[in-house]
Each structure stands twice: as structure tokens, then as C-alpha cells.
Amino acid sequence: MTRPTLLDIQILRRLVDQPRIGITELAARLGIARNTAHARVERLEREGVIGHRGREVDLGALGFELTAFVTLEVAQGRLREAAGALSAIPRVLEVLGITGQGDLLVRAVAPNGKQLHEVIDSILACPGVRRSTTSIVLTHQVPFRIAPLLEDEEHRARGEDRRPGR
């Protein structure tokens with residue numbers, strides 16, 4: 001996708017604030033035609049800018065009290081194989097290719113320490129995995145968010161300088 005337009009950013013901000021907002025209400029809030037809103041949302045979905053529009057799930061409320069980030073070193077030439085095996089582990093939520101110390105960063109969850117140990121054992125058993133370092137999340141200091149980023153992008157698209165002291 002090319003750089004999003006001001007309208008694209010405004011649509012994204014509304015969808016982040018209200019993931020289940022309907023197209024008609026979205027159009028009304030933005031003061032645009034329903035067909036325009038529908039076409040823009042479809043384009044953003046087609047281009048992969050917008051993923052699922054469901055509600056966020058609180059894993060802690062589901063009993064998954066522990067989140068771990070596992071940095072993996074993978075044998076040369078076996079990255080895809082390792083990632084494929086990791087995707088088969090249900091408690092592995094995300095696998096990211098990284099630079100720096102390690103090759104893959106894995107986000108995994110478990111209800112308790114014993115089960116987290118089992119998940120990590122499953123991760124270590126994946127083909128190509130040579131070494132790991134695990135960090136356990138104690139608190140969320142700044143939870144995942146994109147609203148401030150979209151707000152800043154909207155101001156930039158309008159040509160507004162929001163740097164401190166400006």
C-alpha cells in the first residue's frame with residue numbers, strides 16, 4: 001500500500017476505537033458517503049492494512065496468566081522449517097523473524113509455570129532450534145496500542161507539527 005490518505009487514517013482510528021462499528025455509522029461519524037466508507041474499508045482489508053475486526057481477547061481472563069518471549073537461535077537454512085513446526089504449537093501465539101541476538105522471537109502463553117515449561121520444551125524440540133533464551137512478562141507497562149500512532153499520522157497528514165515546543 002502507498003502512504004495512507006488522511007481519510008484512510010481517520011477510518012483506521014475509528015475502527016481501532018470501535019472495532020465492531022458498522023459501515024453506515026462509520027460513514028456518518030466521518031461525514032462521508034456510505035459507499036465511500038465501504039469502498040475504503042474493503043480496499044484497506046484487501047491490501048492487508050486491516051486484519052480481523054473482532055474484539056481483543058484478554059488471555060489472562062481465559063486463565064493464561066503467563067506470557068513468555070522466547071528468543072531462538074536456529075541452525076542455518078532451517079528457519080522456515082522451525083517456523084512451520086512452531087506454528088503447530090497451539091500456545092505459540094506469534095513467531096517473528098528478528099535481527100540481533102537470535103533468529104526468531106516467539107510469544108507463548110500458559111496458565112502456570114509447569115505448563116509454560118512444557119510449552120518451552122515443545123519449542124525446543126522443533127527442528128533446527130539450537131538455543132533459546134526465555135523472558136517472562138511480569139507486567140504490561142504499555143499494552144499494545146496503535147491509536148496514538150494513528151492520531152499522530154492523522155496530524156502529520158494534515159500538516160500539523162506536534163513536536164514538543166512547536
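Predicted model: local features only at pLDDT ≥ 70, side-chain atom pairs only at ≥ 80, totals over all residues.
Helix α3 comprises 13 residues, 34–46. Four residues of the helix, Ala 37, Val 41, Arg 43 and Leu 44, are buried, that is, under 20% relative accessible area. These residues cover an arc of only 160 degrees around the axis and are therefore on the same side of α3. In general, an α-helix has 3.6 residues a turn, so residues three or four places apart point the same way. The buried residues of α3 are covered by elements that include α1 (6–17) and α2 (23–30). On the face turned away from the buried side, α3 carries the exposed residues Asn 35 and Arg 46. Just after the helix, Gly 48 adopts a positive phi of about 80 degrees.

Strand β3, residues 104–110, is mostly covered, with five of its seven residues buried. Antiparallel pairing links β3 to both β1 and β2. With β1 (residues 66–74), the pairing extends over seven bridges, and Thr 67 stands opposite Val 109 of β3. With β2 (residues 92–97), there are five bridges, and Glu 94 stands opposite Arg 107 of β3. Strands β2 and β3 form a hairpin in which six residues separate the two strands. Within the turn of this hairpin, Gly 100 has a positive phi of about 95 degrees.

Key. Residues numbered from 1 in each chain as written. Heavy atoms only, no water. Expected span 1.5 Å × (residues − 1). Buried < 20%, exposed > 50% of the residue type's maximum accessible area, 1.4 Å probe, protein only. Arc of directions from axis to C-beta. Contact = heavy atoms within 4.5 Å. Pairing = 2+ DSSP bridges.
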